[in-house]
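Trainee: Could you take me through the aromatic contacts and ring-facing charges here, with the rule behind each term?

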Amino acid sequence: MINVAIMGHGVVGSGVAEILIGHADRIASKTKTPVNVKYILDLRDFPGLSYSDKFIKDFNTILNDGDVKVVVEVMGGINPAYDFAKKCICADKSVVTSNKELVAAKGAELIKLAEEHNVNFLFEASVGGGIPVLRPIAQCLAANEITAVTGILNGTTNYILNKMIVDNMDFSSALALAQEKGFAERNPAADIEGHDACRKVCILAALSFGKHVYPEQVSTEGITDITLDDVESADNFGCVIKLIGSARKLSNGRITASVRPTLVSRDCILSGVNGVFNAIMVHGDQTGDVMFYGKGAGKEATASAVVADVIDCVKHIGARKYLSWEDGSADFVDNTADLATKLYVRAVSSDFEGLVKQIKSIFPGISCVKNKFRGEIAFITDEEPESVLRSKISKIQNADSVKVLHTLF
Ligand code: HSE
């Protein structure tokens, strides 16, 4: 029998407990040994559950129990999760986490520590909820040089944008609905300002390109400025707006990494990823594009990935699963690389005719969608280096407002 402890009994933690305890026979048939949840750490009380007797409030009970071989960290946040995870690894316990904030900030360090102690530090649930994506990148695509990872990595923002697109709901009402349904993080800023997707880009990029990428190295923009007018205007170009996280390898060996609202053509497979679903497209030099799709958030889906990692740890007591990357460096990420791109531009002015004339002179021959009633003109530029496009856009001085978004075709 292998003893396991769960730290945190929130949405994901309760899902993990329910699977490990409620489906103990199924789990044992995979591990070939019973997996016993010995402790659940939470400061709150949970009376009336079939496993209420397992709750403890003191982390040291887990740490000092040599019989606990695997610890699940599903508390979220950096503190005390980092301290607890580190102490567990140093006590020769494998650690499984769904905590993307922890992995994005401290992944390289905890992986190295786990190597030193010959235990595992696994975190499949930290990206894409229930979607198997990290293990496939590390194992199934191991023969490839990965050149890009691009995806819809946050279910809450995807749900909000989808409600705006399909139901004409404004941003605030769609956010309130997402919170009501329990998709949004405790603090919705992590979702809507792009930080949650940013952390997932860090993890995907580190695993794909071999070096830690820190959240502050990712150029991050959320969806708080996206309006119903933007959504409607994107539709005129056969596009939907999605929050796209992306990391690409540059020819000089460095990478770019970003999270930003992006116009996605309806011809692109990512445009059809709706609601809380996530999709991650990985480009390997041998496979071409490979796409991973499924529920990116939610109790059962995320718990499924956590429990799969627990099973892996139990099956590999005393052996290591390959899932690692090196420390990061300040020059590894270069978001100033001037890549060729097409930008979407929407300008609004009370001097509509003047605006049209100016845009025609800066972008001659460009095809525009005009809305005289709103004083609005929108277009998608030809492909040019981004600095060239930005310089041209800065010459639009007749506009009261100019919105610029990246595109994905
Ligand atoms: N808040 C996250 C999301 C949860 O909406 O995708 C899963 O990481």
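Mentor: Rings of Phe, Tyr and Trp (its six-membered ring) pair if their centres lie within 6.5 Å, and planes under 30 degrees apart count as stacked, over 60 as edge-to-face and the rest as tilted. This is a predicted model, in which local features need pLDDT of at least 70 and side-chain atom pairs count only at pLDDT 80 or more, while totals for chains, interfaces and linings use all residues. Residues are numbered from 1 along each chain as its sequence is written, and side-chain values use heavy atoms, with hydrogens and water left out.

Trainee: Which residues do ring pairs link into a cluster with Phe46?

Mentor: By the pairing rule there are eight aromatic pairs. In one of them the ring centres of Phe46 and Phe55 are 4.9 Å apart with planes at 25°, so this pair is stacked. Ring pairs join Phe46 into a cluster with Tyr51 and Phe55.

Trainee: Is Phe55 buried or exposed?

Mentor: Buried means under 20% relative accessible area, exposed over 50%, and partly exposed in between (1.4 Å probe, protein chains only). Phe55 has 17% relative accessibility, so the residue counts as buried.

Trainee: How is the pair of Phe59 and Phe84 classed?

Mentor: Both Phe59 and Phe84 are buried. Their ring centres lie 3.9 Å apart and their planes are at 0°, so the pair is stacked.

Trainee: Which residue lies over the face of Tyr82?

Mentor: A charge sits over a ring if NZ of Lys or CZ of Arg is within 6 Å of the ring centre and within 35 degrees of the ring normal. At 4.6 Å from the ring centre of Tyr82, the residue over its face is Lys106.
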